[in-house]
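I opened the model and kept notes on what I looked up. The entries follow.

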Amino acid sequence: NQNIHILAIESSCDDTAAAVLCNGKILSNIVATQEVHKQYGGVVPELASRAHQQNIVPVIHQALAKANIDKKELSAIAFTRGPGLMGSLLVGTSFAKSLSMGLQIPLIEVNHMQAHILAHFIEEENFDKPEFPFLAMTISGGHTQIVKVNDYFNMEIIGQTTDDAVGEAFDKSAKIMGLPYPGGPLIDKYSKEGNPKAFPFPKPKVEGLDFSFSGFKTAVLYFIQRETKKDPDFVEKNLKDICASVQYTIIEILMDKLKKAVKQTGIKQVAIGGGVSANSGIRQAMKDAEKNLGWKSFIPKFEYTTDNAAMIGIAGYYKYLSGDFADYSVTAKSRYKF
Ligand code: KG4
Ligand code: ZN
């Protein structure tokens, strides 16, 4: 049997996900998003682990059924080892180990942030893969990094946030406006009908290729507090313009650094990945850069932006090809640098 079938499991935060890949192509990609956190305005780690425990078996069954694959046809199990919430990671890690033992097939550990980047190698029809070396900006709820990708598993972080992640800047700004969690997608939605220049927000001054978002978040907070004192309905009346202005500033902060990274490295193949790469503004900015700055931009398919197991599967596939397997002493790592 020449076909390599990978079952991939992702449980690093609040999405329980499983996918089946055949030779790098996606046969199924199932995500169970945990709704329980909405009422708390953010992810509650203890509740996340419990929900993973409940979801993991049905999600894996669905992924196998949709792929029309029997467990016995699987070549290996790939799982997210980290970074992420410890209690969440433990569920996927333990489950993957047990399944690998039970089926007597190899176990493959995957770094979640590398997987967000390797999502660009998922086999699709009519698609270009980036060529090494390329730059990748990973933007999510937990991370903001610019990475020089030398090879599949040879990556260097050349810039990163010194405080909040960009996803937090979106979500916290949304929370200040009274929007539910996660607010990023809602800011994106309302921005489409707002004026991005309505309210100017300050951009931080940070050295080199690093980012900072805590000052931005505070500026949004003070602005809303000040305006709401004058007019209690300020947010309601100006929601679309505030969202558009917040999004515009965040994208400028991101793109300024990415342009600087391209200048510094001379690398013009540029990818984005992670939950915030679902944002329509950043996707447009990457297309504009392709047109105006001569970049080759790589924008992930929408379903591979936020947390998913397809990306864990493609990372697992490349590790499988190089025989890079984990042994059963492997443990989850909440902080996992590469
Ligand atoms: O990668 P991800 O699913 O989980 C982490 O690994 O953190 O990223 C989640 C983050 C959240 O902060 C969410 O608000 C943000 O991605 N996000 C967006 C959009 N879709 C998801 N932010 C802005 N615009 C969007 N369309
Ligand atoms: Zn992620």
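At what angle do the axes of helix 5 and helix 7 cross? I found roughly 110° for helix 5 (residues 184–191) and helix 7 (residues 234–265), with the axes coming within 8 Å. Axes here are lines fitted to C-alpha atoms, for helices over the stretch in contact, and angles run from 0 to 180 degrees between N-to-C directions. Helix 5 is therefore roughly perpendicular to helix 7. My classes: under 35 degrees is roughly parallel, over 145 roughly antiparallel, 65 to 115 roughly perpendicular, the rest oblique.

**Ground rules.** I am working on a predicted model, where local features need pLDDT of at least 70, side-chain atom pairs count only at pLDDT 80 or more, and totals for chains, interfaces and linings use all residues. Residues are numbered from 1 along each chain as its sequence is written, and chains are lettered from A and ligands numbered from 1 in the order in which they are written. Helices (H or I, at least four residues) and strands (E, at least two) are DSSP runs, numbered from the N terminus.

**Confidence.** I noted an average pLDDT of 97 for the protein, with 100% of the residues scoring at least 70. pLDDT is the predictor's confidence in each residue, from 0 to 100. For the complex, the predictor gives an ipTM of 0.98 and a pTM of 0.95.

**Helix 5 on helix 7, continued.** I logged the crossing of helix 5 past helix 7 as left-handed. A crossing is left-handed if the near helix is turned anticlockwise from the far one by less than a right angle, and right-handed if clockwise. From helix 5, Ile187, Asp188, Tyr190 and Ser191 take part. They meet Leu239, Lys240, Cys243, Ala244, Val246 and Gln247 of helix 7. Contact means that the C-beta atoms, placed from the backbone, lie within 7 Å. By class, this contact of helix 5 with helix 7 has six nonpolar, two polar and two charged residues. Ala, Val, Leu, Ile, Met, Phe, Trp, Tyr, Cys and Pro count as nonpolar, Asp, Glu, Lys and Arg as charged, and the others, Gly among them, as polar.

**Helix 7 on helix 8.** I followed helix 7 to helix 8 (residues 280–293). Their axes come within 10 Å and cross at roughly 45°. The two helices are therefore oblique to each other. Helix 7 passes helix 8 in a right-handed crossing. Gln247, Ile251, Leu254 and Met255 of helix 7 make the contact with Gly281, Ile282 and Ala285 of helix 8. I sorted the residues of this contact into five nonpolar, two polar and no charged. Gln247 of helix 7 had already turned up in the contact with helix 5.

**Helix 4 on helix 6.** Helix 4 and helix 6 (residues 214–230) pack at about 10°, with axes 10 Å apart. Helix 4 is therefore roughly parallel to helix 6. I read the crossing as right-handed. Ala169, Lys172, Ser173 and Ile176 in helix 4 meet Phe216, Lys217, Val220, Leu221 and Ile224 in helix 6.

**Backbone checks.** Which peptide bond is cis, with omega near -5°? I traced it to the step from Gly82 to Pro83. Pro83 sits in the loop between strand 4 (76–82) and helix 2 (86–103). Tyr181 and Pro182 are also joined by a cis bond, with omega about -10°. Pro182 belongs to the loop between helix 4 (166–176) and helix 5. Asn23, a residue other than glycine, has a positive phi near 50°. I placed Asn23 in the loop between strand 2 (15–22) and strand 3 (25–33).

UniProt's unreviewed entry lists residues 25–313 as "domain: Gcp-like". UniProt positions are in the numbering used here, feature names are shortened, and annotations may be inferred rather than shown by experiment. That span is 46% helix and 17% strand, and its end C-alpha atoms lie 9 Å apart. For "binding site", the unreviewed entry lists His112, His116 and Asp307. They are spread over 196 residues of sequence yet cluster in space, with a largest C-alpha distance of 8.9 Å. I found His112 in helix 3 (residues 112–118).

Notes
Contact = placed C-beta atoms within 7 Å.
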